[in-house]
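Here is a friendly walk through one model, written for someone who likes to know the cut-offs. Please keep the viewer open as you read.

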Amino acid sequence: MSSNPDLRAWIAQLPKAELHVHLEGTLEPELSFALAARNGVALGHDTPEALIAAYDFHDLPSFLAIYYRAMDVLVSEQDFHELAFAYLSKARSQNILYCEMLFDPQAHTGRGVAFHTVISGIRRAQVQAAAELGVESQLIMCFLRELSAASAMETLLASLPYKAWIVGVGLDSDEKNNPPIKFAAVFAQARVEGYRLTMHCDVNQQNTLMHIGQCLEVIGVDRIDHGVNALEDAALCTEIARRGIGLTICPVSNRFVVQNLTGEEIRRMLALGMKATINSDDPAYFRAYLNENLNALHEDAGFTAAEITTLVRNGFDVAWLDETRRGHYLALLGASLS
Ligand code: HPA
Ligand code: ZN
């Protein structure tokens, strides 16, 4: 399908929210090289272009292998600051006014980087971006699901002194043989601590319908990251729509890991009254930030301006914002449409 430059410009100027972006997945090759030089880490490639050329992923495990290896360059508080500030600057350039950013503390504490180092660098970038760029952001702390529930609980406890800086907890990484129920006690405790709850149910994973069902019935999530396969079960769709649970869909990420933009699935979700939102997931790896994801839906799946408006509005509708802030952003969106 041919591109429509007018629609691209219109998408670019829309006030937007992003709710599913892994901070470690925003590590651009140029920044990798700068941090590798600073920290004396060998990247195994001579140029950022060669590093990108080695991004050879076709499913979740092959992506995750590259994603974790690349994190070795993140060592100091300043490194995490630069990572987060670079993403927030990029967000501002795309008129993303509000974002909820996921981070993976165990991917760093497991390499000997202190939780405090990670979160204080990110937090400093958030404060600076709010003041200097006018971008508001909140943090979602994810547990790595292939690690033990005990390790997740230890991470939850380590986060408590920083509770004011974290809006919610999530579950990511390798889903195979790692169902939501493995973390039921951790998420129950997170709820008691006041955190909002989300979990990844990546596309076409083993036992995905069982995992989505556990998210709803055992964990009591507020949101589901991905969750596209819920469409295979009418009862799950009805319940997700009834509870107003947001689904953070990542079309270009889907195109990499399941070779499909999932445009038709997104349309069906909207038709069923499910709160689908559009997000970038790991934009430095999939080479597409939020605007490029929306452009792809228009250009490759024929999404109209009205459909894109609904998806963007859903982002603010299901964001973990208080009603005053939500109203503020919805008013900005409304003004941009009139
Ligand atoms: N799925 C699961 N874990 C992840 C992802 C993802 O898409 N990105 C970063 N960690
Ligand atoms: Zn994700």
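Is Cys99 buried or exposed? Cys99 is buried, with a relative accessible area of 0%; buried means under 20% relative accessible area, exposed means over 50%, and partly exposed lies in between (1.4 Å probe, protein chains only).

## About the model

This is a predicted model, in which local features need pLDDT of at least 70 and side-chain atom pairs count only at pLDDT 80 or more, while totals for chains, interfaces and linings use all residues. Residues are numbered from 1 along each chain as its sequence is written, chains are lettered from A and ligands numbered from 1 in the order in which they are written, and side-chain values use heavy atoms, with hydrogens and water left out.

## Cysteines

A disulfide is a covalent bond between the sulfur atoms of two cysteines. Here the criterion is a pair of cysteine sulfur atoms within 2.5 Å, and a search of the whole structure finds zero disulfides.

For Cys99, the closest cysteine sulfur belongs to Cys250 and is 14 Å away, too far for a bond. Cys201 is buried too, at 0% relative accessible area. Its closest cysteine sulfur, in Cys215, lies 3.7 Å away, and that is also too far for a bond.

Helices (H or I, at least four residues) and strands (E, at least two) are DSSP runs, numbered from the N terminus. Strand 3 covers residues 136-144, and seven of its nine residues are buried, so the strand is largely enclosed by the rest of the structure.

Two strands pair if DSSP finds at least two bridges between them. Strand 2 (residues 96-103) runs parallel to strand 3, with six bridges joining them; Glu100 has Gln138 as its bridge partner in strand 3. Strand 4 (residues 166-172) is also parallel to strand 3 and joined to it by six bridges, and Leu139 is partnered there by Ile166. From strand 3 the chain passes through helix 8 (residues 149-159) to strand 4, a β-α-β crossover that is right-handed: with the strands pointing away from the viewer, the path from the first strand over the helix to the second runs clockwise.

Within helix 8 sits Ala152, which is buried at 0% relative accessible area. Beyond residues up to four places away in sequence, Ala152 touches Gln106, Phe143, Phe183 and Val186, where contact means heavy atoms within 4.5 Å.

Gln94 lies in the loop between helix 5 (77-93) and strand 2, and at 4% relative accessibility it counts as buried. A polar atom of the Gln94 side chain is 3.2 Å from the backbone nitrogen of Leu290. Leaving aside neighbours within four places in sequence, the contacts of Gln94 include Ala12, Lys16 and Tyr289.

Asn39, in helix 2 (residues 29-39), counts as partly exposed at 26% relative accessibility. The C-alpha atoms of Asn39 and Leu74 are separated by 8.3 Å, although the two are 35 residues apart along the chain.

## Around ligand 1

Which residues are found around ligand 1? Among them are His22, Tyr67, Asp172, His200, Asp202 and Asp281, each with a heavy atom within 4 Å of the ligand.

Nitrogen atoms of ligand 1 lie 3.3 Å from a polar side-chain atom of His22 and 2.8 Å from an N or O atom in the side chain of Asp202. An oxygen atom of ligand 1 is 2.9 Å from an N or O atom in the side chain of Asp281.

Key
Polar contact = N/O pair within 3.5 Å; in protein donor to acceptor, adjacent residues only side chain to side chain.
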